[in-house]
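Morning, everyone. Here is the model I want to walk through today.

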Amino acid sequence: MNNNYFTENTNFYGSTSPKELLMEYGSPLYVYNEKILRQRCREMADLVTYPNFKANFSIKANSNIELLKIVHSEGLYADAMSPGEIYVLLKAGFKPEEIFYVSNNVSEEEMKFAIERGIITSVDSLSQLRQFGRLNPGGKVAIRFNPGIGAGHHEKVVTGGKKTKFGINPEYIDEVKSILKEYSLKLVGVNQHIGSLFMEPESYIESTKYILGIAEQFEDLDFIDFGGGFGIPYRKQEGQQRLDLAYLGEKLDDIMDKWTDKYGKKVFFKTEPGRYIVAECGVLLGTVYSVKQNNGICFVGTDIGFNVLIRPAMYDSHHDIEVYKNASATAKEYKTVTVVGNICESGDIIAKDRLLPQLEEGDIIGVMDAGAYGYSMSSNYNNRLRPAEVLIKENGTAVLIRRRDTLEDLLRNYEIK
Ligand SMILES: *Cc1c(COP(=O)(O)O)cnc(C)c1O
């Protein structure tokens, strides 16, 4: 298979090219494709036919304000995990009633930030439910339960299940009820999130039964939120298949119809996709500066350090890599290499033992599916500058949607006399 088939098939770079983009905006560079972003939004918005349904974009995956505006224009609502995310969502045009604050171990100040703005907040411990009651007696609240099962691509991203910090365990439902009563709180919704990146629909379908079993123990809920974690195929170059959304949607429709008939109310159902919305619309471009042999390993040195994309270093994540050859050179030969960044740590690896078209200095590489948990987890570690972000619009032209850090940005928060 052609190594670059993903960006070629999708005309990812529109009327421009990786080389032109790096010349204009510098390397490394996050590039997003609007057409793909909109397509993914629509797939999530149209997941089911049940009428009272909303996909809430979990913005921790990518909170670039220009991308948020596009997601909002597609009719999605949003989940926030912090006051900062709420702030950015409001700036992007989301209305308070379109935002759901999924809080975890937060201060009174943080909780007030959401309450004062009329944003429905979910709490995930008895302590936090009491705190909410003290701050907002008689108010509306949602509760995150721990479904007792989890799923995910790495231990660190499994958020449901017996050993995770999230959610209230169902065995405390009696305590929940008495706290609700004590503070005259109205429980408007229940939510869960089993973890990130499931590729088989079954674990998600299974988890909905847990939360519905919990939901039916409460009267007059407005919504039930099944959570996120919809996976994307990170190994497209190996032919990995997509999540079967048609099957998943059909099963969910069936579950929601039957359950609401029994419950006697057509409650709202929500999902919380993060990665599914933004991962595939983003490519991280970088430049090769060195190729060397160290004890039998061929290291390809680039400017994509883990300050720019931490997923491979943090979760051993796989990202497909495309190679854009310098000048007129065409590499037909493939070679197994380890692609690394420019950070002073030996764990600074983007791809280990990867078979790639032969690389040399000056070549450009593209790290695929970098739109989720890429820029949003980037940092200034090693006092490196975070890259710019560029959007390829539907008409194929590129616009800058966030400038690259400057050296002055590194000094911004110091009180220098
Ligand atoms: C991270 C998170 C999500 C989104 O997870 P994805 O794997 O990106 O879909 C949804 N809900 C909650 C509560 C989360 O913490």
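This is a predicted model: local features need pLDDT of at least 70, side-chain atom pairs count only at pLDDT 80 or more; totals for chains, interfaces and linings use all residues.

Residues are numbered from 1 along each chain as its sequence is written, and side-chain values use heavy atoms, with hydrogens and water left out.

Start with α8, residues 173–182. Helices here are DSSP runs of H or I, at least four residues, and strands are E runs of at least two, numbered from the N terminus. Which residues of α8 are buried? Ile173, Val176, Ile179 and Leu180. Buried means under 20% relative accessible area, exposed over 50%, with a 1.4 Å probe and protein chains only. Down the axis of α8, the buried residues fall within an arc of 120°, so they line one face of the helix. That arc is taken from the directions from the helix axis to the C-beta atoms. The face turned away carries exposed Asp174, Lys181 and Glu182.

What covers the buried side? The cover includes α7 (126–135), β6 (140–144), β7 (186–191) and α9 (201–215). Contact means heavy atoms within 4.5 Å. Just after α8, Ser184 has a positive phi of about 50°.

Now the pair. The axes of α6 (residues 108–116) and α7 come within 10 Å and cross at roughly 60°. Axes are lines fitted to C-alpha atoms, for helices over the stretch in contact, and angles run from 0 to 180 degrees between N-to-C directions. From α6, Glu108, Met111, Lys112 and Ile115 meet Gln128, Gln131, Phe132, Arg134 and Leu135 in α7.
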